[in-house]
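User: Can you take me through the pockets in this one? Keep it brisk.
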Amino acid sequence: MQKRCIKAEYIWLDGTEHVQQLRSKTKVIVVNGGETVSLGNFGEWGFDGSSTYQATGHDSDLTLVPCSFVKDPLRDGESYLVMCEVFTPDNKPHSTNHRAGLRGLLAKCEGANPWGGFEQEYTLFNRDQQPLGAESHKFMRPQGPFYCSVGASVAYGRAIVEEHLDACLKAGMLIYGTNAEVMPGQWEFQIGYRGDNSENSGILEMADQVWLARHLLQLVAEKYEVTVSFEVKPVRGDWNGAGMHTNFSTTQTRDPKTGLAAIESAITALSQRHREHIAKYGHGNHLRLTGHHETCDIDTFRSGVADRGCSIRIPRSVSTSGCGYLEDRRPGANANPYEVGYMLVETICVKR
Ligand code: ADP
Ligand code: MN
Ligand code: MN
Ligand code: MN
């Protein structure tokens, strides 16, 4: 029978302290000529955990278990990006495998059908580790003109942003949009519900796609010798930090009959677990949540309609229509969307 070769990039999260990093390697897989590729085509694979801060040298083999995949938009030929969970030799999720936690939790609350929408902010750095734009004196003026800006004196790095957007679309991911951010060299993309109920906006799938989109962004930026920083406070001083606002809804919050009441009781539940959430919402987040820039300070929990100085914002459109979602503005740009998703599902769908 006719065979063909496909390229699969196996992607996983390592054990770097504080902020897990992406790792990946390529596997060529032989498939039958006319066969449509499914998850089953991507077999389990191993890697050296002692080189990723996930194991010691004398017992280093860990297992990659494929859990979702998209088309690889950047490679020639038939190619895929395969998101993997890491398992130990005795077949247990590795301690760094936070996807497994969210997956297990979701199985316990299926009726809630939680959806996630992540707004990923990031900062582009040049070879000298300066934000793009910093090499020009224009960076030295106060922030204000850069957010959603157009023009070479205010927007830096658009070619990368555009290539990344196209890549996510080609991959078939639920990319929602992009925008230039408040600090020069800082941008945002969103992954999540786009108003089409036939698309799967489940929080686990959206968290997978945030990691895949981060991966694609790094690859695109590599070509320009630019690095992508997910640091929450890339430049100290009077500059905005970088967050990962997380928009969240459930069957109840989306239902016009129960929406606002469900959102209010979700906010009450969130207010009672502020510290636990902050602990999972990114490294160094106290540098970002000072109360001087976006959102209130790290020790305060507040909510409000259309108020961007809050921990939780109810968008005006949601308050008007009586249903929809809430926005958790606390997660930092370097947070792990699996952990953020876990906390939201646990607090809003399980503990309430
Ligand atoms: P902001 O006004 O805070 O900048 P954005 O326009 O950047 O918001 O992003 C809006 C986000 O909200 C997107 O990620 C989108 O997928 C998400 N979203 C919209 N509706 C829902 C919903 N019902 N449930 C969860 N997320 C949602
Ligand atoms: Mn946004
Ligand atoms: Mn933003
Ligand atoms: Mn937002």
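**Pockets**

Analyst: The largest pocket has a volume of about 810 Å³. A pocket here is an open set of points on a 1 Å grid over the protein atoms alone, where a 1.4 Å probe fits, with protein on both sides within 12 Å along at least five of seven lines; lining residues have an atom within 4 Å of a point. Volume is the space filled by probe spheres set on the points, joined across faces, edges and corners.

User: Which residues are closest to the centre of the largest pocket?
Analyst: Glu119, Tyr176, Asn247, Tyr325 and Glu327, out of 35 lining residues. The model is predicted: local features need pLDDT of at least 70, side-chain atom pairs 80 or more, while totals for chains, interfaces and linings use all residues. Residues are numbered from 1 along each chain as its sequence is written.

User: Which element gives the largest share of that lining?
Analyst: β6, with six residues. β6 (115-125), β7 (175-180), β8 (186-191) and β10 (244-249) each supply at least two. Strands are DSSP runs of E, at least two residues; helices are H or I, at least four; both are numbered from the N terminus.

User: OK, the second largest pocket. Where does it lie?
Analyst: Between domain 1 (3-96) and domain 2 (110-349), because both give residues to its lining. Those bounds come from an automatic or database domain assignment.

User: How much space is in the second largest pocket?
Analyst: About 340 Å³. Its lining has 19 residues, with Val19, Gln21, Phe230, Glu231 and Asn334 nearest the centre. α3 (203-223) and β9 (227-229) are the elements giving two or more.

Terms used. Chains lettered and ligands numbered in written order. Heavy atoms only, no water.
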